[in-house]
Amino acid sequence: MNELKNFSSKDFIDQIKILQEIENKKVHDAIPDLFELCKESDPLDPAVFVAQNSLRSLLLENEEQTVKGLLFDDITIKNISLQVCCQKKCPPAAPVLLTLFSDLVSDPSPELTSGHPRYSEAFKILSALSLIQAPETLELFRQYIGHNDSLIASLAVKTIGIFKDAQSIDALCRIIKESEADDRYEECDMVVASAIDALAVIDTDKAVSFLAAHIHHRNPIARRIIHEALTKLGPETIPFIAPFILNDDTDLQIMAASLLGDMGDHNGAKFLADAVDKGRIDHPNVRFVVYEALGKIPSPKSLACLTEALSEQDPGLLIAVMASLNHQINPGVMEKIKALIQNKGDQGARLIQAVVASKALNVFEALYDDETIAGAMINAIGRSNNTGIMGAFSTRLKSMGGERPQSDAVKISSGFSNQAKKKILIVDDSKSMLLFYHSVTSDMGMMSKAAENGRLALDILEKDHAFDLILTDLNMPVMTGIELTRKVRANALMNNIPIVMVTTESDLSQLQLAKKAGATDFIKKPFTADQLQNKINKIL
């Protein structure tokens, strides 16, 4: 067109004015000339850069010319057109892109991997097709699910998920199943992660059932991704997960109970409470997770089950019970707790200690009107010598008003002795376990800092790596204990900190994974406060 005639002979200011006018007035007739201008000009010429942006702007509103641009031999024109296809998700471009891709991979050159001479160009086209999501491209992505190149395979798997292609479920399941083989389970590659996500997106009974059956995948990272996927899908997955509560495998029971708690649905609480009523929850590790899960699902079933659990004698289990009851205060339950404490037996003392160790502030306030019980709780708080516990209860007392609470708040604060010599980082997604660890380490005269997953723990360590010990759970959301251990060992500023891995796992392969990651020692649940103290003392 006339505006672009003798474009190269004009000065830079006039060139910019011409291009801006074409772009502002949306002169689509100028696209063919812009193709030629961008193709023939010096790519280092600043006017050419502006011309490319003008061309891109016009192509965003012209699918026909965008498709024509894909057929240019010039790589610059082809790339601009491809970028526009991705941005606009241009369906008419799909047949052309399929043909271009076929031409790239049909010659006798090597298989399409990173060593292929046209790998980059082919991958760009595949990526564009993945974004466009035209139905005619589905068969191509099915073919590449099992490709040897992980980038291509994971892209294909992800796209299959976007298409919600039920026909590919078996292939996706096979990818995840094979990743548990003895020679593969130590790593969770991007293809496996993508396959898990794809099954969750497809979201048929068959897909969800498979994911539920692999909540105890041999790789902790794959397991975490499966848990996150099922939790995101929500209550619809409960019928597939709940049966594992009745399984003889304690690992599966723990995983299922934890997932049901995270979903927070009343049907999950019903399954958990029924399993307890039927006597199917006999392992202390499973009971702990069940009690904690019921605390996340306020319901009559949860409350009844937790009330019965007040008879537990294990301090750790009582912490889980009390922490859960703290979220659903009920006058009748509070009266039962009072009666148990007033009996002045060993169980009463255990309950008082559980109120304190779990920082059950709501339970504390409900019991505080009984002066005898209040005095026992205040004494137990003072004996804890834990800044977190003492500070929390002192603050609650001050907010209650009245002379007695204010006096008790002062008594708590004045009794603290800051003589801690060792500092421990405790990492666990279970708040009840964190409370238990705080209680144990406080009794040992140590300071403890808590994180609810490996990522948060790493954030703490990057700001302050002066810890004498890291005590971490193996299975956690966001970042597992094994992932955390690997990152700690890879950092020269903190790689000498001893790491104790806490686990419920019965599978020895998980301990081997932790050992390879750099764990110093292990402690397997269930364990008593004395056993944990012995383990810490042994290392420190």
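**Helix H9 and what comes after**

Which residue with a positive phi follows H9? That would be Lys 164, with phi near 50°. Lys 164 isn't a glycine, and its place is in the loop between H9 and H10.

A quick word on the model: it is predicted, so local features need pLDDT of at least 70 and side-chain atom pairs count only at pLDDT 80 or more, while totals for chains, interfaces and linings use all residues. Residues are numbered from 1 along each chain as its sequence is written, and side-chain values use heavy atoms, with hydrogens and water left out.

Helices here are DSSP runs of H or I with at least four residues, strands are runs of E with at least two, and both are numbered from the N terminus. H9 takes in 13 residues, 150–162, and at 1.5 Å a residue it should span 18 Å; the expected span is 1.5 Å times one less than the number of residues. Its end C-alpha atoms are 18 Å apart, which agrees. At the N-terminal end, Asp 149 does the capping: one of its side-chain oxygens lies 3.1 Å from the backbone nitrogen of Leu 151.

Among the buried residues of H9 are Ile 152, Leu 155, Val 157 and Ile 160, where buried means under 20% relative accessible area, exposed over 50% and partly exposed in between (1.4 Å probe, protein chains only). The buried residues of H9 pack against helices H7 (119–132), H8 (138–143), H10 (169–178) and H11 (190–202).

**How H3 and H5 cross**

Two packed helices are described by the angle between their axes and the distance between the axes. For H3 (residues 46–59) and H5 (residues 75–88), the angle is about 40° and the axes are 10 Å apart. Axes are lines fitted to C-alpha atoms over the stretch in contact, with angles running from 0 to 180 degrees between N-to-C directions.

H3 and H5 are therefore oblique to each other: under 35 degrees counts as roughly parallel, over 145 as roughly antiparallel, 65 to 115 as roughly perpendicular, and the rest as oblique. On the H3 side, the contact is made by Gln 52, Leu 55, Arg 56 and Leu 59; residues on the H5 side include Ile 77, Ile 80 and Val 84. Contact means heavy atoms within 4.5 Å.

**Two loops to look at**

Lys 26, in the loop between H1 (12–24) and H2 (31–40), has a positive phi near 55° without being a glycine. Lys 26 is partly exposed, with a relative accessible area of 45%.

Further along, the peptide bond from Lys 525 to Pro 526 is cis, with omega near 0°. Pro 526 is found in the loop between strand S5 (521–524) and helix H30 (529–539).

Definitions and conventions. A polar contact is a pair of N or O atoms within 3.5 Å; within protein, one must be able to donate a hydrogen and the other to accept it, and residues adjacent in sequence count only if both atoms are side-chain atoms.
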